[in-house]
Amino acid sequence: MSDPVIDLLELFKEKGPLSPGDVSQQLNMPKYKALAMVSCLSSMGLLEPLYIKGSYKIYKISLAGQQFLERAEKAGTAAAAMEELLLTQQPANESQQEKEAATA
């Protein structure tokens, strides 16, 4: 069973800029699901808008999206890659909070 997030990011990597409608057609998924996934990945910084006119948007994979895709492919799932990413960033976030508390 394939991972829909990995499939979507691979599609953007291979095909280039796409609209959510293009994603829906290419991955054979309902438009509402494609739009939700694209919107979510965009809010996470993994996709970035390239063109916006009214409600019509075209997105491309961001550098962060490419890096995440590499991690996800190695980990086997997007969820495992996200967990790994969060665990590696946690100590950095804690030290930043300690610095902010010391200067306050």
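Reader: What share of the 104 residues of the protein chain count as buried?

Author: In this predicted model, 28% of the 104 residues count as buried. The chain has 5 helices and 2 strands, and the order from the N terminus is α-α-α-β-β-α-α. Of the contacts with a separation of 6 or more, 45% are between residues 24 or more positions apart.

Reader: What makes Ser19 buried rather than exposed?

Author: The relative accessible area of Ser19 is 6%. Buried means under 20%, so Ser19 is buried. Ser19 lies in the loop between helix H1 (4–15) and helix H2 (20–27). Leaving aside residues up to four places away in sequence, Ser19 touches Tyr56, Lys57 and Ile58.

Reader: What is to be noted about the phi of Asn28?

Author: Phi of Asn28 is near 55 degrees, which is positive in a residue other than glycine. Most residues other than glycine have a negative phi.

Reader: How many aromatic pairs does a search of the whole structure find?

Author: The search finds 1 aromatic pair. Tyr51 and Tyr56 form this pair, with 6.3 Å centre to centre and 70 degrees between the planes.

Reader: Why is the pair of Tyr51 and Tyr56 called edge-to-face?

Author: Ring centres must lie within 6.5 Å for a pair, and planes over 60 degrees apart count as edge-to-face. Tyr51 and Tyr56 have 6.3 Å and 70 degrees, so the pair is edge-to-face.

Reader: What makes Tyr51 partly exposed, and what makes Tyr56 partly exposed?

Author: Buried stops under 20% and exposed begins over 50%, with partly exposed in between. Tyr51 has 39% relative accessibility and therefore counts as partly exposed. Tyr56 has a relative accessible area of 42% and is therefore partly exposed.

Reader: Which residues touch the most other members of the largest nonpolar core?

Author: The core has 21 residues, and Leu8, Leu9, Phe12, Val23, Val38, Leu47 and Phe68 touch the most other members. Two or more residues come from each of H1, H3, strand E2 (56–61), helix H4 (63–75) and helix H5 (78–103). H1 gives the most to this core, with 5 residues. As for Phe12, residues up to four places away in sequence not counted, the contacts are Leu18, Val23, Val38, Leu47, Tyr59, Lys60 and Ile61.

Reader: How do you know that H1 and H2 are roughly perpendicular?

Author: H1 and H2 pack at an angle of about 105 degrees, with axes 11 Å apart. Roughly perpendicular covers 65 to 115 degrees, so H1 and H2 are roughly perpendicular to each other. Asp7, Leu8, Leu11, Phe12 and Lys15 of H1 make the contact with Val23, Gln26 and Leu27 of H2. By class, 5 residues of this contact are nonpolar, 1 is polar and 2 are charged.

Reader: Why are H1 and H3 called roughly perpendicular?

Author: The axes of H1 and H3 cross at roughly 80 degrees and come within 11 Å. An angle in the range 65 to 115 degrees counts as roughly perpendicular, so the term applies to H1 and H3. In H1, Pro4, Val5, Leu8, Leu9 and Phe12 meet Met37, Val38 and Leu41 in H3. This contact has 8 nonpolar, no polar and no charged residues.

Reader: What makes Leu69 buried?

Author: Leu69 has 1% relative accessibility. The limit for buried is under 20%, so Leu69 counts as buried. Leu69 is in helix H4 and, beyond residues up to four places away in sequence, touches Ile6, Leu9, Glu10 and Lys13. Leu69 and Val5 are 64 residues apart along the chain, and their C-alpha atoms are separated by 8.8 Å.

Reader: How do you know that Ala72 is buried?

Author: Relative accessibility is 1% for Ala72. With buried set at under 20%, Ala72 therefore counts as buried. Ala72 has its place in helix H4. Again without residues up to four places away in sequence, Ala72 touches Ile6, Thr77, Ala78 and Ala81. From C-alpha to C-alpha, Ala72 and Val5 are 9.1 Å apart in space and 67 residues apart in sequence.

Terms used:
Residues numbered from 1 in each chain as written. Predicted model: local features only at pLDDT ≥ 70, side-chain atom pairs only at ≥ 80, totals over all residues. Heavy atoms only, no water. Helix = DSSP H or I, 4+ residues; strand = E, 2+ residues; numbered from the N terminus. Buried < 20%, exposed > 50% of the residue type's maximum accessible area, 1.4 Å probe, protein only. Contact = heavy atoms within 4.5 Å. Phe/Tyr/Trp six-rings, centres within 6.5 Å; stacked < 30°, edge-to-face > 60°. Core = buried A, V, L, I, M, F, W, Y, C linked by side-chain atoms within 4.5 Å. Axes fitted to C-alpha atoms, helices over the stretch in contact; angles between N-to-C directions. Parallel < 35°, antiparallel > 145°, perpendicular 65-115°, else oblique. Nonpolar A, V, L, I, M, F, W, Y, C, P; charged D, E, K, R; others polar.
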